[in-house]
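Subject: Structure for you to look at

Hello,

Here is the structure I said I would pass on.

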Amino acid sequence: MKKIMVGNHAVSWGVMLARAEVISAYPITPQTTIVEELSVLCADERLRAKFIPVESEHSAMACCVGAAAAGVRTFTATSGQGLALMHEMLHWASGARLPIVMATVNRALGSPWNIWGEQTDALAQRDTGWLQFYCENNQEVLDTTIQAFKIAEEILLPVMLNLDAFFLSHTAEPVEIPEQRLVDNFLPRFEAPYRLDPQDPHSFGCLTPPDYFMEFRYKMQQAMLKGKEVSRRVDEDFGRAFGRKYGLIDAYRCEGADLVLVASGTIASTARVVVDALREKGRKVGVVKVRLFRPFPKEELMEVVKDAEKVAVVDRNVSFGVGGIFAHELRAAFCNDKSRPPVFSYIAGLGGRDVTPQVLNDVVYQTYKKSEPDEQSVWVGMRS
Amino acid sequence: MSEQIIFKREEDMPYQPISTGSMTWNKTGSWRYLRPRFDNKISPCNEGCPAGQDIEGAMVLIGKGKVLEAWELFKQENPFPAVCGRVCFHPCESSCNRKDFDEAVSINALERFMADAASRQGRRLSFKREKRKEKIAVIGSGPAGLTCAYHLARMGYGVTVFEAFPVLGGMLRVGIPEYRLPKKVLEEEIDQILDLGVKTEINTRLGADFLLSDLKEYPAVFLAMGNHRSKSLGIPGEDSAGAMSGLEFLRNVSLGKEVALGKRVAVIGGGNTAFDAARSALRLGAKPVILYRRTREEMPAFPGEILEAEEEGIEVSYLVSPTRLIAENGKISRLECLKNRLGPADEDGRRRPVAIKGSNFFLEVDQVISAIGEDADLAALPKRIGLKENVIRTDERGATKQKGVFAGGDIIQQPRTVVHAIGSGKRAAIFIDCFLKGAKWEGLFDGLRIGERGSLSIKRYLQEENERVPLSSKTVRLKDLNLDYFDYKKRKKMPQAQTSKRLGSFEEVNLGLSEETAREEANRCFNCGVCNLCDNCYIFCPDVAIQKQGEDGPNVIDYDHCKGCGICVEECPRDALVMEEERK
């Protein structure tokens, strides 16, 4: 069945199909309609879940932590400032190895006040031990929501899926709704290895002294690394069950490309159009979309770009003093590889500014013109 | 108990730290230096009820559908819930914390609701009692006298009630009209008192038929004759035919005597008697007008009654004082009046009327009913009993200066309301019991007093001293509540008979709450200061140190594990927990 729905509702419907059992969230623009739709689904019992309204995102995540510790499938969603407020609990969720799934509608952080799209909110949480996916369209949003639970529950780490504010969250597209029966087959009930149970009391996450702490952290790191393989397998299984798969990255017309653009989220869609036009003109340009950001798909990316002369990363985010975060990650990932192409870094579209084909053309043009990357990220699409 | 495991290698460790068993052996309560404690306090409604009824407790029971249990709780303290549920001016509601949040709980309507339910189901209270040999005389069968008789009888005493009128009930019977308090309702509650073995002597008036000194066989006497004497207007023509007092008029109507009113009836006064008289006259086909010397603001009648009278179309002329009744052919035909303006405030805070010179005017009237106040006829009492300004001065027990003689109701120094009368009757019963047993009474108040306004609990008095849970001295106010947990919710009111149906009939005006509405209304109660097992503490305690004990509780604190964080106290919606310093 196809339905026309906004990206936020695609999240909600993904959660419904995944049969989440506890949902706790605090509303924030542009995430609000995810939670609104979920509360409707809970109210009319299409989704049999406990919906816990809370007074803050910090509490929302705390509720999810408690519920997940009791062994149930949990979900929350937030955005921008809300995600920032949740920060402390994000560490707890991953440290306690709880397979919580969260949708983050990427929004710029104030000040100055801004409610529009930018990935800095989620990327600022990249060290919290959560897997991170960035989605390009509403179908991918729904499908990734379902996949996220499966991945999280296998490796026992929480998963965050990201969608661009308004460009996806509030834009309607046709979305294929998978059959519940198939989703149930794909995603069976979650069986937690340990769970809070008053009949069998244990203490969880108790004080762990220096002579044990590092081992737990090491296990988290191993689980995160395993997350890449699991994500790949879950995506392939999903493809077999539903006829759609996305890969950890998605390379488009990169064969024989001398310049490969790297983008994520909705910018990748625009980049495809730009690439088509440039290819038409004989330019050997391709684009690769990074869907999985944590763990970082280094090998997959290297495989795509290794023969290109240049790589240009377009970041809708900024780490002040460093520049574009995807570019930074890419450089770090490639730095020990002698055959790496130079990585050009561009910052575009902050605070919801449109990243138009012209902006991306400018990126391509500048990258061709320069023999080597600038020291700092280049800001494109600025007022001039 | 958990066992300790030493891990040699990373692979042997679980993916997260988890104890192998329960950790309750770790007594984290030893970290505590502040200690929460469940501490029920006084609800302001309970403090505000002169009859000492456990209103808060009854609200919980009604809310759970245990209506008869709620009625029994009231009936422990007050034999007249059906009466009070109709005529009480409900100081409980004016004390209700909810009134400063949205609207007070409809306690009065709920009291009537449970009493009516008990009546429909023929429910009676029975008391276990030891027979006592002492006999007590109660003079006056109004709410004070009968309440005193009720409580003394349940304690096993032989009680005889002397009543001047041919009927029992005092003002309830001869002062309050049928449309506010149907006789049937009153009689049913009186019958329940008589069923305890209370004897009565009707048509027996103190002074005319007997004297206090004749009651030698009674070691204790309770005086509760009430205020049945009308104050006179003190203006010329007052003795003419066609003039009578409000009390006399109401009494005649109540006793079923023929009352010939003309068409136009002037009722003088602004108290409840004036309104009762005017509304009764209206029902008898007259066209009453109330003349009041001040304005609506200063009027002493209960606001509800003023409102109902206005609905019924009764005319009220404010700032008017009568100066002369003019008779023609021996019958009143005109009333001369003066107009007033408001002057400075009296000692009671109400602005005093000041006559406007030359503002005289005349009203054509067929009947004048004066209702400017009542007082007591205490001429038959010996001086030594302790009188001041025609009021008996009692001590805090309700005892007069004469040994063994107690007094209550309208003839002592207290507000003249039904519920104060009931409270004074109960107080007298308690201290007559003490007196007859020769027991010490001075220390009793602390254990019986509900709040600071003089309400006493006889239920507590009758408990063994060691079963009496100590009473808190704190009355909970709005600021003590955690209002985050309460929603705004409109107060439920009783439906009333249509105005058109009220005229020409003495049928009851207020019609009672339905069961569903009553339950909803009772659940509006904040249960100020009293744990109602809402379980907020249980839900919020981060140490799982609040323990539930079955459905009816009480919840208890596991001090072995309570770290004293205080979240339970903070999140208690109703101030039923306190935080105290840990004594080590």
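Of the contacts in chain B with a separation of 6 or more, what percentage is between residues 24 or more positions apart? The figure is 71%. Please keep in mind throughout that this is a predicted model.

Chain B in outline

Chain B has 584 residues, and 44% of them are buried. Its secondary structure consists of 19 helices and 24 strands. The C-alpha trace of this chain spans about 120 × 55 × 45 Å when taken along its principal axes.

- domain 1, made of 23–40 + 531–581
- domain 2, made of 44–125 + 475–522
- domain 3, made of 135–228 + 376–439
- domain 4, made of 232–372

Between the C-alpha centres of domain 1 of chain B and domain 3 of chain B there are 48 Å.

Is B:Asn26 buried or partly exposed? It counts as partly exposed, because it has 15 C-beta neighbours inside 10 Å, while a buried residue needs 20 or more and an exposed one has 12 or fewer. For a sense of distance, pick B:Leu196 as well: B:Asn26 and B:Leu196 are 170 residues apart in sequence, and their C-alpha atoms are 59 Å apart in space.

Chain A and its two domains

Chain A is divided into domain 1 (2–242) and domain 2 (249–379). Taken over C-alpha atoms, the centres of these two domains of chain A are separated by 27 Å. Where they meet, 27 residues of domain 1 of chain A are in contact with 20 residues of domain 2 of chain A.

Which elements give two or more residues to the domain 1 side of this contact in chain A? They are helix 5 (120–123), strand 6 (131–134) and helix 8 (210–242) of chain A. Helix 8 of chain A supplies the largest share, five residues. By type, the residues on the domain 1 side comprise 14 nonpolar, eight polar and five charged.

Between the chains

How many residues of chain A are in contact with chain B? There are 15, and they meet 10 residues of chain B. On the chain A side, eight of the residues are nonpolar, four are polar and three are charged.

Regards

How values were computed:
Residues are numbered from 1 along each chain as its sequence is written. Chains are lettered from A and ligands numbered from 1 in the order in which they are written. This is a predicted model: local features need pLDDT of at least 70, side-chain atom pairs count only at pLDDT 80 or more; totals for chains, interfaces and linings use all residues. Helices (H or I, at least four residues) and strands (E, at least two) are DSSP runs, numbered from the N terminus. Two residues are in contact if their C-beta atoms, placed from the backbone, lie within 7 Å. Ala, Val, Leu, Ile, Met, Phe, Trp, Tyr, Cys and Pro count as nonpolar, Asp, Glu, Lys and Arg as charged, and the others, Gly among them, as polar. Domain bounds come from an automatic or database domain assignment.
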